[in-house]
Amino acid sequence: MSSLMLRKFRSLAYQTSGHYQLPNLGHKGSAGSFTVKLSIRSDKTLDALGILDSLIRNMPLKPERVEAAKQTLLNSINNDYPFFRNLSKKVANARMKGYDCDPAEEFCKI
């Protein structure tokens, strides 16, 4: 999402961020969830939500950024190795979601 459009050019938000959560294996094929965080002044809420809605529905295509986005995702996966005290928790969470191997391996093949 282009946070610059909301932050710099229109001065509507102090901070913007977004996150897409894939469904677990039990719900494979169904839609994931997209969460957006906006830190804005209360008097600019409706304007910022209107622009956010138009960005989501009519996302500008930037084909030159696709490879950089893929590399960012791969770097994130490679750097997400848990500390040894958190390893069992991460494995248990993956198993609860239906995975029988590391889910990051599947994403790295894409």
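Me: Is Asp 43 buried, partly exposed or exposed?

Reply: Buried means under 20% relative accessible area, exposed over 50%, and partly exposed in between (1.4 Å probe, protein chains only). Asp 43 is exposed, at a relative accessible area of 52%. This is a predicted model: local features need pLDDT of at least 70, side-chain atom pairs count only at pLDDT 80 or more, and totals for chains, interfaces and linings use all residues. Residues are numbered from 1 along each chain as its sequence is written, and side-chain values use heavy atoms, with hydrogens and water left out.

Me: Which residue forms a salt bridge with Asp 43?

Reply: A salt bridge needs a side-chain nitrogen of Lys or Arg within 4 Å of a carboxyl oxygen of Asp or Glu. Here the partner is Arg 41, with the closest N and O atoms 2.7 Å apart. Arg 41 is partly exposed, at 39%.

Me: How many salt bridges does the structure hold?

Reply: It holds 4. One of them joins Asp 53 to Arg 57, at 2.8 Å from N to O.

Me: Where do Asp 53 and Arg 57 lie?

Reply: Helices are DSSP runs (H or I, at least four residues), as are strands (E, at least two), numbered from the N terminus. Both residues lie in helix 2 (residues 45-57), 4 residues apart, about one turn. Asp 53 is partly exposed at 36%; Arg 57 is exposed at 64%.

Me: What separates Lys 70 and Glu 67 in helix 3?

Reply: About one helical turn, because they are 3 residues apart in helix 3 (residues 66-78). Lys 70 is partly exposed at 46%, and Glu 67 is exposed at 56%.
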